[in-house]
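Please read the following account with the sequence and the three-dimensional view side by side.

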2 protein chains.
Amino acid sequence: MYNLEEGVPVERHTEQSIRRFSESVLESLGATEEEAKITADGIVTASLWWHPGQGQGLEKLFRYKRRILNGGIRPKAPMVWLRDEGSIALLDAQKGLGYVSANKAMEKALYKAKDTGISMVSVCHSNHFGIAGYHAKWAADAGMIGIAMTNAGAEMAPWGSVIPILGTNPWGIAVPRPNGKNPIVLDMALTQSGKGMMRWYERQGSSMPKSWALTVSGRTTEDPKAADSGVLLPMGDYKGYGLSLITDILTGVLTGSLFGSQVFRDDTNFDVAHTLIAINIESFMEKTIFGQRLELLLTDVLNVTPIDSELPVQLPGEAEQLRALKRRVEGIPVDKQTVKGLRALADELSIPFLLEQAK
Amino acid sequence: MYNLEEGVPVERHTEQSIRRFSESVLESLGATEEEAKITADGIVTASLWWHPGQGQGLEKLFRYKRRILNGGIRPKAPMVWLRDEGSIALLDAQKGLGYVSANKAMEKALYKAKDTGISMVSVCHSNHFGIAGYHAKWAADAGMIGIAMTNAGAEMAPWGSVIPILGTNPWGIAVPRPNGKNPIVLDMALTQSGKGMMRWYERQGSSMPKSWALTVSGRTTEDPKAADSGVLLPMGDYKGYGLSLITDILTGVLTGSLFGSQVFRDDTNFDVAHTLIAINIESFMEKTIFGQRLELLLTDVLNVTPIDSELPVQLPGEAEQLRALKRRVEGIPVDKQTVKGLRALADELSIPFLLEQAK
């Protein structure tokens with residue numbers, strides 16, 4: 001699926017060293033130990049699950065630095081609950097770290113759903129929250145069904161135009177499986193792909209799928225360069241546009257944060273909003289029965305004959321889970337340019353450069 | 001967008017006569033006056049919003065008759081609340097009419113969300129519930145945000161195969177707008193299109209978009225006939241597959257109904273499940289402020305220059321709302337074959353044939 005090393009050299013580093021180094025960078029930028037741990041875990045997860053071109057791994061540290069120094073991200077932000085009643089709550093993240101605010105929100109959502117069956121906890125005045133599926137997975141790890149969504153900078157046009165008004169506005173949905181099996185984790189941007197992957201294809205000098213983006217004049221293209229000034233295409237055509245619009249309403253509009261073309265534009269005030277939903281399975285049926293029923297469905301899904309015998313059918317999240325297993329053994333691929341930049345960053349922050357290549 | 005009358009002749013009938021005739025057919029099949037009213041309103045809405053090829057209009061009456069006679073649908077079903085606690089509830093529809101059970105469920109969801117901010121009310125042992133967006137719109141009409149989803153007969157394959165295990169599993173999401181404006185209503189099957197539309201193209205003798213379906217051997221095709229024995233393609237490729245799987249979990253698996261390839265297969269026991277969610281805007285912010293913020297976003301969306309100046313950007317649901325306005329004046333297109341069948345049905349049930357052509 002991914003062309004990982006076609007022309008863009010990568011190095012493989014250990015999970016442990018990526019985690020320690022990320023924590024160390026974040027702490028030296030002012031994050032508390034807890035904030036650094038939470039955020040680094042997101043970076044490590046993205047590195048284990050995803051292609052480095054998706055830009056959610058170590059590449060993020062440069063942005064964290066820039067944004068923290070600009071005041072766009074505030075470490076140790078005094079986050080405050082604006083509302084907390086019945087099955088809903090609203091957290092003002094006070095420009096704090098997105099992983100941290102979403103983590104607090106999902107924790108609250110799980111607590112509430114245990115009581116009432118379903119809960120919705122939203123976050124305003126936050127930042128980039130990383131992987132939607134990662135936040136949803138917290139719920140699944142606690143035995144509940146989780147949904148996480150966020151708004152994001154405008155890169156998608158209303159269907160039928162090429163003016164970016166809406167974000168990729170990703171959704172994560174996670175469902176726990178019984179007997180310690182990995183949960184189902186659907187993680188999807190509401191665009192067909194992202195700008196990060198487009199730029200990776202550009203660096204590789206290869207063409208990209210025509211379904212990803214439009215040029216500024218509204219034509220489809222396989223040339224990542226021609227698409228860079230254009231817009232990303234929604235998943236499922238007008239359906240993805242509709243879903244992205246509604247996500248912006250459920251996050252930005254409903255919480256008091258920025259939305260549309262305004263969100264994530266000002267480097268000193270990103271003002272992103274997230275919405276986390278938790279559903280308590282036990283409010284509907286005994287968890288063991290749910291687990292048995294779920295596995296019946298999944299067995300049917302996994303037992304189908306694939307079109308290509310080398311590409312067996314997978315559950316949402318399974319590709320990422322397999323990739324993580326492999327990378328824990330072989331090391332995590334990091335763009336060599338990123339590694340170089342991180343060395344300079346360590347020098348600048350006067351901290352040790354901790355990355356260790358996998359053997 | 002639609003090729004309405006290319007080779008498939010239609011007649012235009014009045015909304016009023018379609019409503020009265022639908023009610024009359026349903027009552028003569030054993031539905032109560034209230035059940036007939038609710039179900040006929042769904043049929044009328046589908047007729048106003050959609051292409052007759054989508055099969056949710058008057059065409060449905062033949063199926064209702066067959067299913068009621070088979071025992072697959074029970075008019076006057078003694079629906080019963082199995083759970084009703086906190087922000088959730090579960091309704092056993094006892095094989096009753098899908099529109100009726102979903103209506104009851106959304107009513108309960110609205111009531112609960114008013115108290116707790118968000119609610120989820122599910123329905124098991126139900127039937128085809130018609131238009132997902134129609135059920136979501138009830139919430140918007142009551143000033144809340146509504147989500148409605150259902151599982152459905154297997155027509156979609158797990159991504160990478162051609163074995164149908166999952167349904168089109170449609171979602172509806174509706175958001176109220178201020179000042180009496182029509183709500184936003186996103187209504188989407190999780191497939192690119194449906195078998196009904198494919199068959200309409202086949203009757204027209206025209207080719208269909210290649211993105212709609214695969215042949216049994218897993219090839220894309222523009223020939224509706226070749227696709228008929230194949231499977232529908234999910235929206236957004238593997239993302240639509242993931243969303244459909246999760247929808248089946250949130251409906252069939254979690255409620256105790258059938259799921260996967262089993263649901264909607266036995267004409268005497270469809271056992272479909274629905275999930276309705278309501279979100280109370282006022283739990284998050286004053287409704288007038290929400291309305292102002294929403295309109296700012298929608299103004300930005302609607303003001304973008306379209307790629308094709310004759311195709312202005314629309315909000316989700318707007319095309320349907322404009323179509324409804326037009327059809328209220330010009331009459332609602334009904335397939336002539338359907339009209340002929342309905343005449344025979346009226347005779348068979350010994351009721352007057354009430355359809356009136358629009359002038």
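**Charged pairs, the interface and selected residues**

Over all chains, the count of salt bridges comes to 26 by the rule applied here, and the model in which they are found is a predicted one. One of these joins A:Lys108 to A:Asp84, with 2.5 Å between the closest N and O atoms. Because A:Lys108 belongs to helix 4 of chain A while A:Asp84 belongs to strand 2 (residues 80-85) of chain A, the pair ties together parts that are 24 residues apart in sequence. A:Lys108 has a relative accessible area of 18% and is therefore buried, whereas A:Asp84, at 40% relative accessibility, counts as partly exposed.

A:Lys112 is placed in helix 4 (residues 98-116) of chain A, and at 7% relative accessibility it counts as buried. Leaving aside neighbours within four places in sequence, the residues in contact with A:Lys112 include A:Asp84, A:Glu85, A:Gly86, A:Ser87 and A:Ile88, and also A:Ser119 and A:Val121.

In chain B, a salt bridge connects B:Glu295 with B:Arg177, the closest N and O atoms being 2.8 Å apart. This pair links distant parts of the chain, for B:Glu295 lies in helix 9 of chain B and B:Arg177 in the loop between strand 6 and strand 7 of chain B, 118 residues apart. Both B:Glu295 and B:Arg177 are buried. Another salt bridge, between B:Glu330 and B:Lys326, has its closest N and O atoms 3.7 Å apart; here both residues lie in helix 10 of chain B, four residues apart, or about one turn of the helix. B:Glu330 is partly exposed, with a relative accessible area of 37%, and B:Lys326 is exposed, with a relative accessible area of 52%. Salt bridges that share partners also join A:Glu15, A:Arg19, A:Asp41 and A:Arg328 into one network.

Of the area that chain B buries against chain A, B:Lys239, B:Leu254 and B:Phe284 supply 13%, more than any other three residues. In terms of contacts, 77 residues of chain B meet 77 residues of chain A. Across this interface the rule finds zero salt bridges, although it does find 21 residue pairs in polar contact, both residues at pLDDT 80 or more. Several elements of chain B give two or more residues to the side that touches chain A, among them strand 4 (118-126), helix 8 (238-255) and helix 9 (287-302). The largest share of that side, 13 residues, comes from helix 8 of chain B. By class, the side of chain B that touches chain A has 46 nonpolar, 23 polar and eight charged residues.

Nonpolar side chains tend to be buried together in soluble globular proteins. In this model the largest nonpolar core has 78 residues, and those with the most contacts inside it are A:Leu245, A:Phe290, B:Leu245 and B:Phe290. A:Phe290 has contacts in both chains, including A:Ile145, A:Val175 and A:Met285 as well as B:Ile249, B:Val253 and B:Leu254.

A:Ser17 lies in helix 1 (residues 15-28) of chain A and, at 0% relative accessibility, counts as buried. Its side chain makes a polar contact of 2.9 Å with the side chain of A:Thr14, and, with residues up to four places away in sequence not counted, A:Ser17 touches A:Leu354, A:Leu355 and A:Glu356. A:Ser17 and A:Gln357 are 340 residues apart in sequence, yet their C-alpha atoms are 8.6 Å apart in space.

Most residues other than glycine have a negative phi. A:Asn179, however, has a positive phi, near 55°; this residue is found in the loop between strand 6 (171-175) and strand 7 (184-188) of chain A, and with a relative accessible area of 72% it is exposed. In chain B, the phi of B:Phe264 is likewise positive, near 60°, and B:Phe264 lies in the loop between helix 8 and strand 10 of chain B.

Definitions and conventions
Residues are numbered from 1 along each chain as its sequence is written. Chains are lettered from A and ligands numbered from 1 in the order in which they are written. This is a predicted model: local features need pLDDT of at least 70, side-chain atom pairs count only at pLDDT 80 or more; totals for chains, interfaces and linings use all residues. Side-chain values use heavy atoms; hydrogens and water are left out. A nonpolar core is a set of buried Ala, Val, Leu, Ile, Met, Phe, Trp, Tyr and Cys residues joined through side-chain atoms within 4.5 Å. Buried means under 20% relative accessible area, exposed over 50%, partly exposed in between (1.4 Å probe, protein chains only). Contact means heavy atoms within 4.5 Å. Buried area is the accessible area (1.4 Å probe) that two parts lose on being put together, summed over both. A salt bridge is a side-chain nitrogen of Lys or Arg within 4 Å of a carboxyl oxygen of Asp or Glu. A polar contact is a pair of N or O atoms within 3.5 Å; within protein, one must be able to donate a hydrogen and the other to accept it, and residues adjacent in sequence count only if both atoms are side-chain atoms. Ala, Val, Leu, Ile, Met, Phe, Trp, Tyr, Cys and Pro count as nonpolar, Asp, Glu, Lys and Arg as charged, and the others, Gly among them, as polar.
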